[in-house]
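Colleague: I have some questions about the labels used here. Please set each value against its definition.

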Amino acid sequence: MALRNIVKVGDPILNRKSRVVEKFDDRLGVLIDDMFDTMYDSEGVGLAAVQVGMLRRVVVLDCGDGPIELVNPEITKAEGEQRESEGCLSLPGQYGVTVRPAKVQVKAQDRTGKWHIYTGEGLKARCFCHELDHLEGILFTEKTVKENA
């Protein structure tokens with residue numbers, strides 16, 4: 001396991017769409033382990049593969065209740081609304097208020113290809129949405145709103 005460099009705003013890879021993972025092998029496992037190490041070392045709660053320069057549909061997160069790995073994730077349900085401040089490891093020092101679903105359900109594979117369903121509310125829902133946006137080349141700054149809007 002190793003720490004990877006986090007791509008910062010201005011690098012065009014952050015605006016590109018990630019590719020579906022088709023090969024579930026040891027290299028994918030290493031990428032996921034490295035992403036967890038990098039996320040924890042940077043004191044983040046989520047990290048998408050594109051943020052370490054890999055255009056793969058892979059996300060890791062830990063919102064305080066344990067690590068979750070998401071391969072080829074998709075949001076299958078979204079409910080409610082929350083308006084909260086967000087930041088991003090690729091945009092150090094930048095924060096903004098976004099409107100996200102209050103609760104989401106995500107379908108994703110793990111490193112072995114097995115499918116799982118995850119549900120998140122509050123911070124976890126926001127994290128799911130934020131990281132899945134990265135897989136589409138979308139940064140949270142494209143979704144910020146005025147705080148009194």
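Colleague: What makes up the lining of the second largest pocket, by class?

Modeller: That lining has 5 nonpolar, no polar and 7 charged residues. Asp, Glu, Lys and Arg count as charged; Ala, Val, Leu, Ile, Met, Phe, Trp, Tyr, Cys and Pro count as nonpolar; the others, Gly among them, are polar. The lining includes R4, E22, K23, L28 and M54. The model is predicted: local features need pLDDT of at least 70, side-chain atom pairs 80 or more, while totals for chains, interfaces and linings use all residues. Numbering runs from 1 along each chain as its sequence is written, and side-chain values use heavy atoms, without hydrogens and water.

Colleague: Why is V104 called buried?

Modeller: Its relative accessibility is 2%. Buried means under 20% (1.4 Å probe, protein chains only), so V104 counts as buried.

Colleague: Which element gives the most to the lining of the largest pocket?

Modeller: α2 does, with 5 residues. β4 (82-86) and α2 (123-135) each supply at least two. In all, 23 residues line this pocket, and G44, V45, G87, C88 and L89 lie nearest its centre. By class, the lining has 9 nonpolar, 9 polar and 5 charged residues.

Key: Buried < 20%, exposed > 50% of the residue type's maximum accessible area, 1.4 Å probe, protein only. 1 Å grid on protein atoms, 1.4 Å probe; cavity = no way out; pocket = protein on both sides within 12 Å on 5 of 7 lines; lining within 4 Å. Helix = DSSP H or I, 4+ residues; strand = E, 2+ residues; numbered from the N terminus.
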